[in-house]
Each structure stands twice: as structure tokens, then as C-alpha cells.
Amino acid sequence: MSIIKRLNSISGLPTLPEVALKVQQLAFSDEGCALALARIIEQDPSLTAQILRVANSSYYGTGSRISNVQSAVTRLGFNEIGHIIVATSIIKNFSAPSNSNILDYRQFWRHALTAAHMASMTPRFSAVKFNPDEQQTLYLSGLLHDIGILLYDQFFNAEFQEIVAYAMKNEVSFLEAEAAVMPRETHAVIGAALLEMWKLNPAAINGVRFHHAPEKASDKQKSIPFAIYLSEYILCNSGIGSFEGQIERQGGEGSILSELNIDAEKLPAYLSEAQNEVERSDLIMAIDGSQPVSNQNPDKLLRAI
């Protein structure tokens, strides 16, 4: 039986948290207000504590200490709150490591969070027009782009072990090994299948399905896959939480920038913001009170392209 068919039969498969969907819909809607958003968050005491911890962190500036969610929403902003809650809710639902000891989950989520933030800031640097729905989708697709790797680790461990063993034996990257061992059911394919089960919008699904082959997406749906691919290209080639290894692309970064219509002169500013997102991702990873994922120097980003 194929992995996709087996995926549909898994009873304990995590679902997209309802609170994440509610918050995302409200945070990005025209009708959203701080009070309504705060009431949704306050239904979850754990989520409330996390939001207050982030709002009072030094990363978001100094000032009077905040003690209620409505003030936190005002300080952080709707988009920021929406991103944080979506991220923490999904991470919580997918943070039950298997017994394989192959995947470092904290490194994985650091990579995913940074990719999500980098993808979501692409419209500010690109001359390509992203509509509001696409801008909302960029973060979610970026966060979930490698969710298929977690599915492999948690539910299809034998196949995951086979891919990793092939990579080690042949001294190739995970991506190359995956293409050799499971060419029709890569992590991008099964990740997209999960998003279809969750009934997410087609733009989010395509962003995950084509994040390693954005040119294969339809002409009208290439912008999101290319935005995620750019963040993936930078992060994988600079070792920021990457499990997949380096990415080689004919034409290099120039072809990616061309597809996204990003002026090469804007790249240093893009990379500078990306450095900040590494720090921000460490903050979100640490909101449960644990230490940041690693002390890796984010300056490596600047050497990626």
C-alpha cells in the first residue's frame, strides 16, 4: 500500500488546531479587533501565558510590563499574533518524536519557523503582486513546507530509515536519497497530501507540494512555491536547521530572483531581515521556557548567496 493511502488510514494523525484556524481567520480579516482576538486566545491558558511571555520579551522592546492579552495584541500586532499562535499550536501537535533518533525536532522547527518568516516577507521585496490571501498563505506554507519529513519520522519510519541509510551509504544529501528511494512519494508530496486532508486552500497545498520544484507549478500558482523555495535555498545552503542538505540550482540564486522579480540590490536588506528572523524563531522556540535551539551564527545567511 502506498504511503498516501496509509496516511489516510492513520487514526492518530494530528489535525490543524482549531484555535490556530480561528485566530488566523480573525487576525487577517477586516473585521478583526484586539478584544475579539484576545477572547479567543484567553480560552487557552497555556496559549495566554505564551503570548504574554513573548510580548514581554526584550526582542519586542522595553516598556511597561503587559499583564493582559488585549494589550499584548496591541503591542505585537494582528499579523504577529496570528503567526505566533499558528506556529506554537502546530509545533505542539507535531512534537512527539519517534524512536528513530534521526531527526532533531528543535532544529527542524527552527528551520521551519525561519523559512515561514522569510517567505512571508517576500512580497515587500518582490515586484510580483501577492494578494491578501496569498500573503496570509505564505507564512503557513513556509511553516509546513517540510511537514512531510515529520510524517516520515513519526508514521513511516521504515521508509525514513531506508532513505537515511541510502544517503549515508552513497554520501548524498537527503533530497538526493529521497529521490532515489521514494521518487513518487517525497516529503513534499506527502506533506501536500496532509494539507489536502486538512482542507487547506490550494495555494497553501501547492506551496508545500512544489517547494523544491516551483517551476512545475502552474504559471498562476508559482509565486508562493518560489517564495518558499528562496527561503529554503538560503537556509539549506547556510545550514540553518537544515536536514535536507545543500540545494543546487541551475542558474543559482539569479534564476530565483528573476522568477520573483526581486532586484539583486535588495538582497542585502532581505538577508538582514532574515538574520533577525533567526533570532525571532529562537524566541518562539523558547517560549515554553527552554533554551534557544542553538547558538549558530546567523551571519552564515549572508554567505548563502
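Predicted model: local features only at pLDDT ≥ 70, side-chain atom pairs only at ≥ 80, totals over all residues.
Which helix does Ser-141 lie in? Ser-141 lies in H8, the helix of residues 132-144.

First, the whole chain. The chain has 16 helices and zero strands. There are 305 residues, and 54% of them count as buried. Now take contacts between residues at least 6 apart in sequence. Of these, 69% join residues at least 24 apart.

Back to Ser-141. Is Ser-141 buried or exposed? Its relative accessibility is 0%, and the cut-off for buried is under 20%, so Ser-141 counts as buried. What is Ser-141 in contact with, once neighbours within four places in sequence are left aside? The list has Ala-203, Ala-204, Gly-207, Val-208, Ile-224 and Ile-228. Ile-224 and Ile-228 belong to H14. That takes us to a helix pair.

H8 packs with H14. H14 covers residues 223-236. The two axes come within 10 Å, and they cross at roughly 45 degrees. An angle under 35 degrees would be roughly parallel, and 65 to 115 would be roughly perpendicular, so H8 is oblique to H14. The crossing of H8 and H14 is right-handed. Which residues meet here? From H8 we have Glu-134, Thr-137, Leu-138, Ser-141 and Gly-142. From H14 we have Ile-224, Ala-227 and Ile-228. By class, this contact holds four nonpolar, three polar and one charged residues.

Is Phe-210 buried or exposed? Phe-210 has 18% relative accessibility, which is under the 20% cut-off, so Phe-210 counts as buried. Beyond its neighbours within four places in sequence, Phe-210 is in contact with Lys-216, Ala-217 and Pro-225. How far apart are the C-alpha atoms of Phe-210 and Ile-224? They are separated by 9.1 Å, and the two residues are 14 apart along the chain.

H4 is residues 45-55, and H5 is residues 69-76. These helices pack at an angle of about 45 degrees, with axes 9 Å apart. H4 and H5 are therefore oblique to each other. What is the handedness of the crossing of H4 and H5? That crossing is left-handed. Recall that the crossing of H8 and H14 is right-handed. On the H4 side, the contact uses Thr-48, Ile-51, Leu-52, Val-54 and Ala-55. On the H5 side, it uses Val-69, Ala-72, Arg-75 and Leu-76. By class, that gives seven nonpolar, one polar and one charged residues.

Now the rings. A pair of aromatic rings is described by the distance of the centres and the angle of the planes. How many aromatic pairs are there? With ring centres within 6.5 Å as the rule, the count is six. I'll show two of them. Tyr-152 and Phe-156 are edge-to-face, at 6.4 Å centre to centre, with 80 degrees between the planes. Both Tyr-152 and Phe-156 are buried. Tyr-152 also pairs with Phe-160. That pair is stacked, at 6.2 Å centre to centre and 20 degrees between the planes. Phe-160 is buried, as is Tyr-152. Which residues make up the aromatic cluster? Tyr-152, Phe-156, Phe-160 and Phe-174 form one cluster.

Last topic: backbone angles. Most residues other than glycine have a negative phi. Here are two with a positive value. Glu-171 has a phi of about 55 degrees, and it is not a glycine. Where is Glu-171? Glu-171 sits in the loop between H10, residues 157-170, and H11, residues 174-181. Its relative accessible area is 73%, so Glu-171 is exposed. The other one is Lys-199, with a positive phi near 60 degrees. Lys-199 is in the loop between H12, residues 187-197, and H13. With a relative accessible area of 71%, Lys-199 is exposed.

To wrap up, go back to Ser-141 in H8. Find it in the structure, then follow its contacts to Ile-224 and Ile-228.

Conventions:
Residues numbered from 1 in each chain as written. Heavy atoms only, no water. Phe/Tyr/Trp six-rings, centres within 6.5 Å; stacked < 30°, edge-to-face > 60°. Buried < 20%, exposed > 50% of the residue type's maximum accessible area, 1.4 Å probe, protein only. Axes fitted to C-alpha atoms, helices over the stretch in contact; angles between N-to-C directions. Helix = DSSP H or I, 4+ residues; strand = E, 2+ residues; numbered from the N terminus. Parallel < 35°, antiparallel > 145°, perpendicular 65-115°, else oblique. Left-handed = near helix turned anticlockwise from the far one by under 90°. Contact = heavy atoms within 4.5 Å. Nonpolar A, V, L, I, M, F, W, Y, C, P; charged D, E, K, R; others polar.
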